[in-house]
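Thank you for making time this morning.

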Amino acid sequence: MIIGKSQKEIEKMRASGQLVGQVLRKLGAMVEPGLTTIEVDAAAEKMICDAGAYPTFKGYNGFPFSICASVNEQVVHGFPSSYELQEGDIFSIDVGVTLDGFVGDTAATIPVGTVSDDRLKLIQVTAECLQLAIEQCRAGNHLGDIGWAVQSHAEAHGYSVVRDYVGHGIGRRMHEDPQIPNYGKPGKGPKIKNGYVFAVEPMINLGVQQTKTLKDGWTVVTIDGQPSAHAEHTIAITEQGPEVLTLVKAGAPQFELAGVP
Ligand code: MG
């Protein structure tokens, strides 16, 4: 069942969205060759807890960290580790916060130093897929419109869309109904209504769409070892159209977030 949100609840999700958006922006600015992904995790946890929130991922179905850190061929759910980021890597940071009972969830793929043109383009097209998907997050549209926006753009560039993992409704819980695939047919699937809040998150592969999970039980990688990019926003469907809750807004209250602990 899709749980529509009241104005009051969306107001709270604005706050959790702004917090997690600001955290992701700070983390992205830290990224440089030599930084370990566990340092990024520690910084995220400190910022989130200092802001009076909880890092939603930590303990979620037993996930042991505050961020998912997915490098290169890792698609999603990568474990932060002592791995030192290298020039040319692409690094997906996925982070969630629970503030005042509501979750915000966002992700971006960051180039580490100078990266190859094909990797940079993969990141850019993935971000474009997310923007096109957001445009479809309007009352009266269908979930298939969101999926088609992602799929058609990715495939037009010769990329493939991950099928094994999807976006989701979000609210008091990180994963609510409905599932939001990054593929689909225009005009198909459940109708979108005002008050719905979605986490839309295209995962786009340079090579084939298929993935597998590593022995840690979490880290998802492409089966062909080719790079993958990921981008995510939390979006409220409002009468005025899509409102990207996790997009940092200039006028919004700024959280005081320290950097590396
Ligand atoms: Mg998500």
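This is a predicted model: local features need pLDDT of at least 70, side-chain atom pairs count only at pLDDT 80 or more; totals for chains, interfaces and linings use all residues.

Elsewhere, ring pairs connect Phe 63, Phe 65, Phe 79 and Trp 218 into a cluster. Another ring, that of Tyr 183, has the charged end of Arg 163 sitting over it, 4.8 Å from the ring centre.

Let me turn to the metal site. Which residues supply the protein donors of the magnesium ion? They are Asp 105, through OD, His 168, through NE2, and Glu 201 and Glu 232, each through OE, and they lie 2.2 to 2.3 Å from the ion. Along the chain these donors follow the spacing D-x62-H-x32-E-x30-E. The two glutamates link distant parts of the chain, being 31 residues apart, with Glu 201 in the loop between strand S9 (197–200) and strand S10 (203–205), and Glu 232 in the loop between strand S13 (228–230) and strand S14 (233–238). Both Glu 201 and Glu 232 are buried.

Next, strands S4 and S5. Strand S4, residues 90–99, pairs with S5 in the antiparallel sense over ten bridges, and within that pairing Asp 94 stands opposite Ala 107 of S5. The hairpin they form has two residues between the strands, and there Asp 100 takes a positive phi near 50 degrees. As for S5 itself, which covers residues 102–111, eight of its ten residues are buried, so this strand is largely enclosed by the rest of the structure.

Three strands make up an open sheet in the order S3-S12-S11, with antiparallel pairing; its edge strands, S3 (74–76) and S11 (211–213), each pair on one side only, and the twist from one strand to the next averages 40 degrees. S11 is joined by three bridges to the antiparallel strand S12, residues 220–222, and Lys 212 is found opposite Val 221 in S12.

Finally, two helices. Helix H3, residues 117–135, has 19 residues and spans 27 Å from its first C-alpha to its last, close to the 27 Å expected at 1.5 Å a residue. Its buried residues include Leu 122, Val 125, Thr 126, Cys 129, Leu 130 and Ala 133. As a reminder when looking at such a list, an α-helix has 3.6 residues a turn, so residues three or four places apart point the same way. Helix H4, residues 143–156, has 14 residues and reaches 20 Å between its first and last C-alpha, again close to the 20 Å expected at 1.5 Å a residue. H4 is mostly covered, since ten of its 14 residues are buried, among them Leu 143, Ile 146, Val 150, Gln 151 and His 153.

Key: Residues are numbered from 1 along each chain as its sequence is written. Side-chain values use heavy atoms; hydrogens and water are left out. Two strands pair if DSSP finds at least two bridges between them. Helices (H or I, at least four residues) and strands (E, at least two) are DSSP runs, numbered from the N terminus. Axes are lines fitted to C-alpha atoms, for helices over the stretch in contact, and angles run from 0 to 180 degrees between N-to-C directions. The expected span of a helix is 1.5 Å times one less than its number of residues. Buried means under 20% relative accessible area, exposed over 50%, partly exposed in between (1.4 Å probe, protein chains only). Donors are N, O and S atoms within 2.8 Å of the metal (3.2 Å for Na, K and Ca); water is not among the atoms, so sites may look incomplete. Rings of Phe, Tyr and Trp (its six-membered ring) pair if their centres lie within 6.5 Å; planes under 30 degrees apart count as stacked, over 60 as edge-to-face and the rest as tilted. A charge sits over a ring if NZ of Lys or CZ of Arg is within 6 Å of the ring centre and within 35 degrees of the ring normal.
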